[in-house]
Amino acid sequence: MLTFGGLTPARAQAAPPVGGDFLWGVASSGFQSEGNAPDSNWSRYANSGRVSDPYGDSVDFYHRYRDDIGLAADLGAKVYRISVEWARVQPRPGEWDEAGFAFYDSVIGAIKAAGMRPMITLDHWVFPAWELDRGGWSNPGMVDDWLANARAVVDRYAGDDPLWVTFNEPTLGPPIFVAQGNLPPEQAGIALDRQVTAHRAIYDYIHARQPGAMVTSNVSYTPGYEFLAQIPFENRVADKLDYIGIDYYYGSLPSPVDSLLKNTPWATPLQPEGIYYALRHYARQFPGRPLYIVENGMPTHDGKPRDDGWTRADNLRDTVYWLQRAKADGMNVMGYNYWSLTDNYEWGSYSPRFGLYTVDVKTDPSLTRHPTDAVPAYRDIIAQGGVPADYHPTRPPTPCSIVDPPFSCIDPVR
């Protein structure tokens with residue numbers, strides 16, 4: 001019988017609950033949900049006429065954060081992921097905006113008051129427009145500028161004991177900036193080198209300010225392309241990761257850049273059992289390190305039923321079943337965040353809907369949060385520590401998945 005780094009092969013059907021210390025959470029990002037956007041690379045691109053939908057004020061988390069945090073607390077969530085937007089707290093070079101920081105003071109205070117732990121992302125693909133005017137990640141001074149902001153954020157919030165994410169999906173950032181015309185193609189590799197340097201430096205800084213800190217950079221598991229992230233980024237920061245933050249969504253993806261530019265994620269096949277394979281992949285790559293699903297969710301097209309028949313609740317329950325199987329088989333899974341609490345601005349369009357609560361930005365000026373069928377499902381999952389041990393997924397596993405080949409074919413889940 002084959003074994004993988006001490007992990008039990010995926011034979012047993014049992015999927016017991018994950019236990020009381022497991023971190024169930026929700027995820028969001030500043031630019032995508034806040035509205036009232038400061039001048040940044042993404043606000044300029046979103047209003048350039050090159051996207052499907054102008055930005056407007058997104059779902060106005062900026063003014064509705066207390067209500068949204070209350071929705072997360074009502075689910076029983078233990079973690080709420082946000083990003084502190086550089087452009088909001090440093091609108092001009094060398095100039096810190098106390099009002100910008102005060103907003104995040106209030107948000108983080110509300111998260112903690114609701115009994116949740118903040119997860120703070122330092123960079124979710126957004127930086128100030130003045131930095132864009134300097135060349136963005138093609139600017140040799142970008143690392144110093146980025147670190148000045150990151151250190152200010154860490155100094156402000158280390159005492160709140162957050163979980164930290166340095167860069168969101170770092171290997172996807174430079175290709176996106178290239179596609180937007182904000183980074184010369186030949187500079188993409190250099191931009192990633194600079195992000196490696198910045199991550200390593202801020203990791204040490206966080207640990208100096210917050211003893212026992214948990215720091216990661218969330219990686220996007222992209223079937224067929226994951227290897228492209230290992231050499232340029234993951235392997236170069238491996239000694240500076242306290243836990244492995246993982247984004248998992250799809251069972252296949254022809255091209256991550258095409259997917260973002262076309263922005264039709266609802267057309268990409270889902271594969272809940274792929275989360276088991278993705279976790280097993282990172283358990284082999286980073287033996288013993290805690291694994292955290294920082295993002296996972298299901299897209300629909302403008303909230304309409306999916307062509308493949310998946311409902312949000314069924315997809316969530318099936319995904320959690322496979323997550324429990326992974327933990328039962330010896331993978332050190334510490335947490336799971338649903339992306340996202342509400343629908344938001346999905347990088348150029350409001351048509352992709354990922355929210356537990358749906359919001360019709362384009363036609364509903366009240367921006368009412370409407371619960372989907374996944375709200376009661378997730379509430380029950382959190383209360384019970386997962387799906388019942390005898391839960392049966394609604395669909396059988398895909399034979400010989402392209403998530404984590406050849407191991408997914410050599411030792412498939414059953």
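**Reading burial, contacts and cores in a predicted model**

Biologist: Where is the place of Gln32?

Modeller: Gln32 has its place in helix 1 (residues 30-34), where helices (H or I, at least four residues) and strands (E, at least two) are DSSP runs, numbered from the N terminus. This is a predicted model, in which local features need pLDDT of at least 70 and side-chain atom pairs count only at pLDDT 80 or more, while totals for chains, interfaces and linings use all residues. Residues are numbered from 1 along each chain as its sequence is written, and side-chain values use heavy atoms, with hydrogens and water left out.

Biologist: Is Gln32 buried or exposed?

Modeller: Buried means under 20% relative accessible area, exposed over 50%, and partly exposed in between (1.4 Å probe, protein chains only). Gln32 has a relative accessible area of 0% and is therefore buried. Of the 414 residues of the protein chain, 59% count as buried.

Biologist: How many residues has the largest nonpolar core?

Modeller: A nonpolar core is a set of buried Ala, Val, Leu, Ile, Met, Phe, Trp, Tyr and Cys residues joined through side-chain atoms within 4.5 Å. The largest one here has 118 residues, and those with the most contacts inside it include Trp137, Leu356 and Tyr378. The largest share of this core, nine residues, comes from helix 7 (residues 142-157). Apart from it lies another core, of nine residues, among them Val79, Tyr243, Tyr292 and Met334.

Biologist: Where does Pro272 lie, and what does it contact beyond its neighbours within four places in sequence?

Modeller: Pro272 lies in the loop between helix 11 (256-262) and helix 12 (274-285), and at 6% relative accessibility it counts as buried. Leaving those neighbours aside, Pro272 is in contact with Trp310, Asn315, Asp318, Thr319 and Trp322.

Biologist: What radius of gyration has the protein chain?

Modeller: The radius of gyration is taken over C-alpha atoms, and the globule rule is 2.2 Å times the number of residues to the power 0.38. With 414 residues, a compact globule would come near 22 Å, and the 20 Å of the protein chain agrees with this. The C-alpha atoms fill a box of roughly 60 × 45 × 40 Å, taken along the principal axes.

Notes:
Contact = heavy atoms within 4.5 Å.
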